[in-house]
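Welcome, and please open your viewer. We will go from stop to stop, with something to select at each one.

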Amino acid sequence: MATTTQRPPLRPGRVSPRRSVPPHIRRPEYVDRPRAARWTGGEVKDAATVAAMRRACTLAADALQAVGRAVAPGVTTEELDAVGHDYLVERGAYPSTLGYPGHGSPAFPKSLCTSVNEVVCHGIPDDTVLLDGDIVNVDITAYLETDGIAVHGDTNATFLVGGEDAVSEDVRLLVERTREATLRGIRAAQPGRRLNVVGRVIEKYATRFGYGDVAAFTGHGIGEAFHSGIVVPHYDAAPEHDTVIEPGMTFTVEPMLTLGASEHRMWDDGWTAVTVDGSWTAQFEHTVLVTEHGPELLTVPSDGNPPGGLL
Ligand code: MF3
Ligand code: CO
Ligand code: CO
């Protein structure tokens with residue numbers, strides 16, 4: 001087992017030029033616009049939209065698995081981006097993060113997010129080299145059209161660089177328990193309950209281990225819009241966020257837990273969120289469909305084995 005000789009704080013690297021997407025692939029409306037359009041449609045999907053979601057989510061999960069296989073010491077995060085980009089584009093999907101508008105900062109420049117060690121989320125792939133004992137979260141979203149309906153499927157997982165033996169025990173446990181917290185939160189999303197049950201379950205589990213639970217970034221409704229109206233907190237937000245969970249809703253659950261602080265600060269790039277105390281942090285994400293029988297993971301790869309396991 002590795003001892004805790006963890007690398008010094010990360011610094012922003014060099015970001016390579018934007019990758020191209022062939023013109024025949026349908027683009028989300030927000031690409032090269034100052035902001036994404038606000039979603040004004042409903043949150044309950046019809047059968048055709050759910051069918052389209054299944055395809056987009058399976059593809060996103062397959063892409064995540066492909067990128068996960070490429071994670072190794074010596075690989076740069078921009079090499080991971082290239083794997084994810086090519087995987088989606090070769091299968092007719094647009095990588096949803098590519099050109100996603102920022103709030104006052106330039107649009108996100110890459111086809112997936114890579115968040116290493118103390119990066120909470122939204123890390124930009126660059127020439128940073130992964131080292132033995134690092135952890136890296138890969139967050140990838142596919143925008144795919146099926147029978148005229150184009151929708152997003154969003155998923156992420158945290159990978160151990162160099163395998164289980166390379167990563168210190170406290171970090172390995174954090175990753176494992178973040179995976180478990182995500183699945184517990186999802187399992188709580190039963191129709192008829194209120195949406196804030198998800199975060200309550202996650203917070204309770206995280207607190208057991210003294211982990212930080214980052215409140216600033218939430219899960220979200222997803223479908224034809226990347227981020228639709230519903231907000232899914234990962235902490236106990238009651239009495240707020242009391243929307244009743246209904247069959248046909250699709251949203252993400254994507255908690256970020258840390259070995260220390262629950263607060264983040266932003267790098268000057270306007271995207272990269274790091275823990276204020278430099279503590280390491282993990283995340284998992286699924287796009288979930290609520291059925292009358294309960295929640296269903298949509299972001300399951302074709303082989304049935306998502307990186308974080310099944311419900
Ligand atoms: N995939 C992220 C999520 O889970 C969003 C990334 S937006 C980006 O919501 F612009 F940072 F890429
Ligand atoms: Co998401
Ligand atoms: Co995501």
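Start with E254 and ligand 1: a polar side-chain atom of E254 lies 2.7 Å from an oxygen atom of the ligand. Keep in mind along the way that this is a predicted model.

Now show the surface: on its own, ligand 1 has 340 Å² of accessible area, and the protein covers 97% of that. Which residues come nearest to the ligand? Of the 14 around ligand 1, they are D154, H220, H227, E254 and E285.

Next, turn to the aromatic rings. The structure holds six aromatic pairs. For one of them, select Y30 and Y100: their ring centres are 4.8 Å apart and the planes meet at 80°, over the 60 degrees required, so this pair counts as edge-to-face. Colour the chain by position and you can see that the pair links distant parts of it, 70 residues apart. Y30 belongs to the segment before helix 1 (47-70), while Y100 sits in the loop between strand 1 (94-95) and strand 2 (113-116).

Are these two tyrosines buried or exposed? Both Y30 and Y100 are buried.

For the last stop, select R91 and Y87. The charged end of R91 sits over the ring of Y87, 3.6 Å from the ring centre.

Terms used: Residues are numbered from 1 along each chain as its sequence is written. Chains are lettered from A and ligands numbered from 1 in the order in which they are written. Side-chain values use heavy atoms; hydrogens and water are left out. Rings of Phe, Tyr and Trp (its six-membered ring) pair if their centres lie within 6.5 Å; planes under 30 degrees apart count as stacked, over 60 as edge-to-face and the rest as tilted. Helices (H or I, at least four residues) and strands (E, at least two) are DSSP runs, numbered from the N terminus. Buried means under 20% relative accessible area, exposed over 50%, partly exposed in between (1.4 Å probe, protein chains only). A charge sits over a ring if NZ of Lys or CZ of Arg is within 6 Å of the ring centre and within 35 degrees of the ring normal. A residue is near a molecule or strand if one of its heavy atoms lies within 4 Å of it. A polar contact is a pair of N or O atoms within 3.5 Å; within protein, one must be able to donate a hydrogen and the other to accept it, and residues adjacent in sequence count only if both atoms are side-chain atoms. Accessible areas come from the Shrake-Rupley method with a 1.4 Å probe; for residues, only the protein chains shown count as cover.
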